[in-house]
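Please consult the sequence and the structure shown here while reading.

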Amino acid sequence: MEQMHMRFGQLSWILCVLLLTLPLQGNAEIYKWKDKNGSTRYSDTPPPSNIKQETIGGKKAAKPAGEVPLVPPASAPVTKDAEKDSPPVPGSAEEEAAAKRQNTAEAEKKNKQEQEAEANRKAENCKVAKARYETYKQGGRIYKINEKGEREYMGDNDLQDGKAQAQKEMDENCS
């Protein structure tokens with residue numbers, strides 16, 4: 001009984017910590033701007049650099065993304081200081097390098113997501129194979145459902161085949 005009170009106390013502390021950290025998760029920045037068609041847009045990523053934006057939440061406004069502007073800015077006299085701050089000229093080597101880096105980063109991110117999905121699938125298959133193996137290992141009256149929805153109890157040979165198949169699945173997915 002005393003152990004149950006200790007576990008309840010531990011669980012309540014864990015729950016309190018989780019509840020206290022929950023508001024920190026909702027601290028994302030949201031940006032509001034109007035696109036070239038005049039539609040109001042909301043996003044968690046900043047708009048292109050030449051568009052006036054408004055931050056609707058979060059800690060602070062991030063600098064606009066280094067994307068190509070949707071609408072080219074009006075021509076203005078260029079000074080040496082303005083050249084340093086201006087975005088790369090479309091078709092320039094800097095822009096091509098930036099696009100290449102972005103494509104590489106996106107490809108790496110996609111590859112990582114695919115690897116994680118494969119690992120998750122393999123872990124789930126391992127879990128199922130282990131459960132199936134334990135079922136066959138325990139033996140007893142194991143059945144399958146046929147096309148008519150009726151139970152068909154497995155014989156000794158079927159149980160051995162099922163156990164071997166489950167072992168094979170465990171070897172494939174649990175290594």
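## Terms and overall make-up

Helices are DSSP runs of H or I with at least four residues, and strands are runs of E with at least two; both are numbered from the N terminus. The model described here is predicted.

The protein chain has 4 helices and 5 strands. Read from the N terminus, these elements follow the order α-β-β-β-α-α-β-β-α.

## Surface and contacts of the chain

The protein chain comprises 175 residues, of which 13% count as buried.

Among the contacts in the protein chain with a separation of 6 or more, 36% are between residues 24 or more positions apart.

## The three-stranded sheet

In what order do the strands of the open sheet lie? The order is β2-β1-β3, and the pairing of these 3 strands is antiparallel. From one strand to the next, the twist averages 25 degrees.

Strand β1 covers residues 31–34 and is joined to β3 by 3 bridges, the two strands running antiparallel. On the level of residues, Tyr 31 has Thr 55 in β3 as its bridge partner.

Is Leu 11 buried or exposed? The relative accessible area of Leu 11 is 56%, and the residue is therefore exposed, since exposed means over 50%.

Leu 11 also belongs to a nonpolar patch on the surface, which it forms with Ile 14 and Leu 18. Together, the residues of this patch have about 320 Å² of accessible area.

Helix α4 covers residues 156–173 and contains Glu 169. The relative accessibility of Glu 169 is 18%, so this residue counts as buried, the limit for buried being under 20%.

Which residues does Glu 169 touch, not counting those up to four places away in sequence? The residues touched by Glu 169 are Ala 129 and Arg 132.

Methods
Residues are numbered from 1 along each chain as its sequence is written. This is a predicted model: local features need pLDDT of at least 70, side-chain atom pairs count only at pLDDT 80 or more; totals for chains, interfaces and linings use all residues. Side-chain values use heavy atoms; hydrogens and water are left out. Two strands pair if DSSP finds at least two bridges between them. Axes are lines fitted to C-alpha atoms, for helices over the stretch in contact, and angles run from 0 to 180 degrees between N-to-C directions. Patches are made of residues with over 30% relative accessible area and no salt bridge: like charges are joined within 9 Å, nonpolar side chains (Val, Leu, Ile, Met, Phe, Trp, Tyr) within 5 Å. Accessible areas come from the Shrake-Rupley method with a 1.4 Å probe; for residues, only the protein chains shown count as cover. A salt bridge is a side-chain nitrogen of Lys or Arg within 4 Å of a carboxyl oxygen of Asp or Glu. Buried means under 20% relative accessible area, exposed over 50%, partly exposed in between (1.4 Å probe, protein chains only). Contact means heavy atoms within 4.5 Å.
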